[in-house]
Amino acid sequence: MLRTQLWIIIFLIFFTGIQLKGQPVPAIDENIDALVTFGKDGETAWGDDDFIQIIFFSIPETFQDPVFIRVFDPDVGGSFDEQKGEWNTRTNFAVFGGDGACSNVDAQRISRDGNFRSGTMLASRTFGNDARWDGKWFTFGPFNPSEGELLPEYGGYVFKLVVEGLDGDDGNLYRLFLSTDNQQNRAIEGAFAFYFKYKFRLHDDVNEVSHIYPYMNERVVAIKQSNFDWDNDGIIRIISPSKNGERMAVSGDNNWATSTHEITQDDINSSLDIQMIKNRQANIRNNNVVIYLENQYGELLPFYSIPIGGIPKYKYSIGIKPKAPTR
Ligand SMILES: [Ca+2]
Ligand SMILES: [Ca+2]
Ligand SMILES: [Ca+2]
């Protein structure tokens, strides 16, 4: 099934020129294998600092049909998950809309000690080790787009998905899709996802390059990036109109690394392409990581599932060409 979808996607990109919409998370252009959330008894050395993931979905105001939020492999067991001892982990997925779902500052902070479950809860379900949902899509919804929080600065009606490891110590790997259909992944024209703090699994294949695309608005003069538990797996670098591969600091095992990078006028009103290139010798597998970016005021900068302004191009050749994304 997945292989079929992959070939359909490849067909659409290369043969029909249809523009893909930004509803899968991780996004196609990010080339990231899976999101990850551990149970709250997990060890941070396995790559999750606080056992919570928050993803926002934005739907254009003009779109009025019901929408669904779909989760691939929501269970914690069987395939597509990371086992530690027995499978004993439960993960809660909850969808929020209404006032404050996104605009409440607690939903956009690095530290999840405030009211990050702000807004109106529209749906919630907890999954354990459940073969019924192993390797399958679970569908939340239907939701009326107007049940989201209307935030024109974020592109329309915004829904929030909070993924929380309730107990246990295993890692839940999953993927998301904002769909118009409860049985299939059908994208919504003009919709996209965004996230302020991103937790995911790097590819095992050292040839795969993953990306994130933060947008630089006119307020940004410098960014501070922080990443956690990268296990020194290769390099992280910035491609943008003014930067041809400036390196970011990379963390080791169970610790944070930060680095600050000046943003010049050439980079304003466009996205950075932050590339994650694995270490070819180390061959690190199952590498779960966390990354976020702040501006000079300490405000978190969102990453977008569609690079706003397009993906920045290399000015000069610096060795490694971006690969076509694979899934
Ligand atoms: Ca376990
Ligand atoms: Ca599974
Ligand atoms: Ca790691």
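Colleague: What should be kept in mind about numbering and confidence?

Modeller: Residues are numbered from 1 along each chain as its sequence is written, while chains are lettered from A and ligands numbered from 1 in the order in which they are written. Since this is a predicted model, local features need pLDDT of at least 70 and side-chain atom pairs count only at pLDDT 80 or more, whereas totals for chains, interfaces and linings use all residues.

Colleague: Why is Ser 210 called buried?

Modeller: A residue is buried if 20 or more other C-beta atoms lie within 10 Å of its own, exposed if 12 or fewer, and partly exposed in between, with C-beta atoms placed from the backbone. Ser 210 has 21 C-beta neighbours inside 10 Å and therefore counts as buried. Buried residues make up 46% of the 327 residues in the chain.

Colleague: Which residues is Ser 210 in contact with, leaving aside its neighbours within four places in sequence?

Modeller: Two residues are in contact if their C-beta atoms, placed from the backbone, lie within 7 Å, and on that basis the partners of Ser 210 beyond those neighbours are Glu 30, Asn 31, Ile 32, Leu 202, His 203 and Met 276. Met 276 is 66 residues away from Ser 210 along the chain, yet their C-alpha atoms are separated by 5.1 Å. For the chain, 81% of the contacts between residues at least 6 apart in sequence join residues at least 24 apart.

Colleague: Why is strand S2 described as largely enclosed?

Modeller: In S2, 5 of the 5 residues are buried, so the strand is largely enclosed by the rest of the structure. Ala 34, Val 36 and Phe 38 are buried on one side, and Leu 35 and Thr 37 on the other.

Colleague: Which strand does S2 pair with over 4 bridges, and over how many bridges does S2 pair with S13?

Modeller: S2 pairs with strand S11 (residues 171-179) over 4 bridges in the antiparallel sense, and Val 36 stands opposite Leu 173 there. Strand S2 (residues 34-38) also pairs with S13 over 2 bridges, again antiparallel, which meets the requirement of at least two. Leu 35 stands opposite Phe 200 and Ala 34 opposite Arg 201 in S13.

Colleague: What makes S13 a mostly covered strand?

Modeller: Strand S13 (residues 197-201) has 5 of its 5 residues buried: Lys 197, Lys 199 and Arg 201 lie on one side, with Tyr 198 and Phe 200 on the other. S13 is also joined to strand S22 (residues 288-295) by 5 bridges, running antiparallel, and Lys 199 stands opposite Val 290 in S22.
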